[in-house]
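Please look over the sequence and the model before reading on. The report is meant for a reader who meets this structure for the first time.

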Amino acid sequence: MNAPMLPATMTREAFQIVALAGLVPSSTRTQERRRARFTKQEISELAANIKAVGVMLPIIVRRHPKAGTLTISPEAFEIVAGERRWLAATEAGLREVPVLVREISDADLVQFQLTENLQRKTISELEEAEGYDELRKLKKLNPDQVAELLGVSRTTVFNRLKLLDLCPEAQKALEAGKLAQSCAMLIARIGHHDTQRRVLKESAQSEYGDDDAPMTYRELHDHIADHYMVDLKKAPFKTDDETLLPKAGSCVKCPKRTGNQKDLFADVRNANVCTDPKCYDDKRQVVFHRAAAELEAKGRKVIAGAAARKLMPYVENGNDSIGGGYSALSEIHYGGARSRPVREILGPDFKPTLVQHPGTGKMIEVASTQAIAAALGGKKPKAEKASKPPARPKGPQLHLPDLDDQVTERVIKLIAEKAPKKFSRGVLHSIAKIVFPEINARADKLDLVAKHFGWPKTAFRSGGYYSGRRLPKEAASFDESKLVLLLLYAMFAASWLPQGNESVLEFLGIDANKTRQAIIEERKQAKVNARMKAKLAKTSPLVKTSKKTKAGRK
């Protein structure tokens, strides 16, 4: 492992005593996040120490890049490292502090802050991850290059960056010391935040009965492997199918497949394991539903989904026994003169009902206890007919669109509101022609972008990912602001997440979580309104009068 490299532009340094009022906090995203985690208690404790012995270690600063502007003094310095000392010195009543002035460019500022904090071990794992992420984006580096630049192992960089995939609740638990970093990494490898929240809750209780102890690393590792990792070899669908669940794409190319992230899943020997059980189950249910629908279309009675789970309540424990008034045709019936299979009792002409196994999707032939009793009594057993779907209740029906599509469309509108409006059209058009084809935008999101512009779906190519060679012809007359908007949309669409590319949202100040929550509340209210309308329609005197009038006319 190489030694940490200091920025090449850091050439000189000078020791000075400067006024506290002349220091300005750093505006880097990494430092802003660190600042949010400072506690009043730690600043007060440091202030008490400074009152007693003074500031022993100089604060590292640089000349403020905006010094001399309307808002920044000509003599101002930007704090590079040592902001807690600055805050504590202010609380301690000091007017001046020792500083070390260094020449550091904007491009190297984050690198220096990270190197300084790593050497002094003053940042948490999550803060370290945020620093790597900011450095990666600012300098357009991959994780290997970040590791080389900072002199840390590539495994450290990969593992820290993965912590940013934790759900907010797990991040808070990690920061509060309630979740060990090793356990946080195991949870971060799970592909869906809802599943992460469930595992986080389960990890708080050891499986060995100690009420106060959380799971150990080994316990949690085995728990996740047993309950939240799925061997794709056993999948009841084609894992290379891009169209089965278009938003997820192929399992073979998915980053949540262990073989596609060998550094992250070095402890998992099987390269063909899915780490997003929710997505796996969504695909499985599509296949199950299609199989059941095909049989029902042929007149067979199929019991599937929640109804099948009621008949097989212990299937999660490996018990495939069937109850609820049904018996499998392969089951041995022990009543009467001799024991024999149910299939033999019913005879070859009996048309059995089918129960779809909730876990495998396999169709199990069953018969009702009434049919078996009739056959034992010498009567011809009646096969159950496929039941018609229950009639929908009268009243207004609410057809809500897909939640993820709603989130995507809402974010598209927000991007339109916040995108910059003034640029040179010629320059932007040239840039757009170069940049747009290089962006791997998802087809499902581009379809919704086309909808936003009022274009036909053929404006963008279809398929799992889009990689075009030119701008859509519909954009030929776009002005500067619309060209910027189109580029932002293309970068936004280069993500499988419903809210799109998070870098675009961060640039525009859009909170995707708040947007999703607002839509969820709107959907809840829409359902409440629909139920109220249906209820009013049943009790309204106007409706009853209308029916009597029709009867009178007859």
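## Basis and overall make-up

This is a predicted model, in which local features need pLDDT of at least 70 and side-chain atom pairs count only at pLDDT 80 or more, while totals for chains, interfaces and linings use all residues. Residues are numbered from 1 along each chain as its sequence is written, and side-chain values use heavy atoms, with hydrogens and water left out.

The protein chain has 22 helices and 15 strands, where helices (H or I, at least four residues) and strands (E, at least two) are DSSP runs numbered from the N terminus. Of its 554 residues, 41% count as buried; buried means under 20% relative accessible area, exposed over 50%, and partly exposed in between, with a 1.4 Å probe and protein chains only. Among the contacts in the protein chain with a separation of 6 or more, 68% are between residues 24 or more positions apart, a contact being heavy atoms within 4.5 Å.

Strands of a sheet pair through backbone hydrogen bonds, either parallel or antiparallel. Two strands are said to pair if DSSP finds at least two bridges between them.

Strand β12 (residues 353-356) runs antiparallel to β13 and is joined to β13 by 4 bridges; L354 has E365 of β13 as its bridge partner. The hairpin of β12 and β13 has 6 residues between the strands, and in this hairpin G361 takes a positive phi near 80 degrees. Strand β9 (residues 326-328) also pairs with β13 (residues 363-368) in the antiparallel sense, over 3 bridges, with Y326 partnered by S368 and A328 standing opposite V366.

## Two helices

Helix α16 (residues 403-418) has 16 residues and reaches 23 Å from its first C-alpha to its last, close to the 22 Å expected at 1.5 Å a residue; the expected span of a helix is 1.5 Å times one less than its number of residues. Its buried residues are L403, Q406, V407, T408, V411, I412 and I415.

In α21, the residues A512, T515, I519, R523, A530 and A534 are buried, and what covers the buried residues of α21 includes α16 and α20 (502-508).

## Two buried loop residues

Y228 is found in the loop between α11 and β6, and it counts as buried because its relative accessibility is 6%. Y228 and V199 are 29 residues apart in sequence, yet their C-alpha atoms are 8.8 Å apart in space. Not counting residues up to four places away in sequence, Y228 touches T195, R198, V199, E202, H223, C274, T275 and P277.

P381 lies in the loop between α15 (369-376) and α16 and is buried, with a relative accessible area of 15%. The C-alpha atoms of P381 and A371 are separated by 4.7 Å, although these residues are 10 residues apart along the chain. Leaving aside neighbours within four places in sequence, P381 is in contact with L346, F350, A371, A374 and A375.

## Empty spaces

Rolling a probe the size of a water molecule over the atoms shows where empty space is left. On a 1 Å grid over the protein atoms alone, a cavity is a set of points where a 1.4 Å probe fits but cannot get out, a pocket is an open set with protein on both sides within 12 Å along at least five of seven lines, and lining residues have an atom within 4 Å of a point. Grid points are joined across faces, edges and corners, and a volume is the space filled by probe spheres set on the points. In the table, Ala, Val, Leu, Ile, Met, Phe, Trp, Tyr, Cys and Pro count as nonpolar, Asp, Glu, Lys and Arg as charged, and the others, Gly among them, as polar.

| Space | Volume | Lining residues by class |
|---|---|---|
| Second largest pocket | about 1,000 Å³ | 13 nonpolar, 7 polar, 12 charged |
| Largest cavity | about 110 Å³ | 8 nonpolar, 2 polar, 4 charged |

The second largest pocket is lined by 32 residues, of which D226, H227, M229, V230 and R284 lie nearest its centre. The elements that give two or more residues to this lining are α10 (193-203), α11 (217-227), β6 (230-231) and α12 (277-297).

The count comes to 1 cavity of 30 Å³ or more. The largest cavity is lined by 14 residues, with C251, C254, C274, C279 and K283 nearest its centre, and the largest share of its lining, 3 residues, comes from α12.
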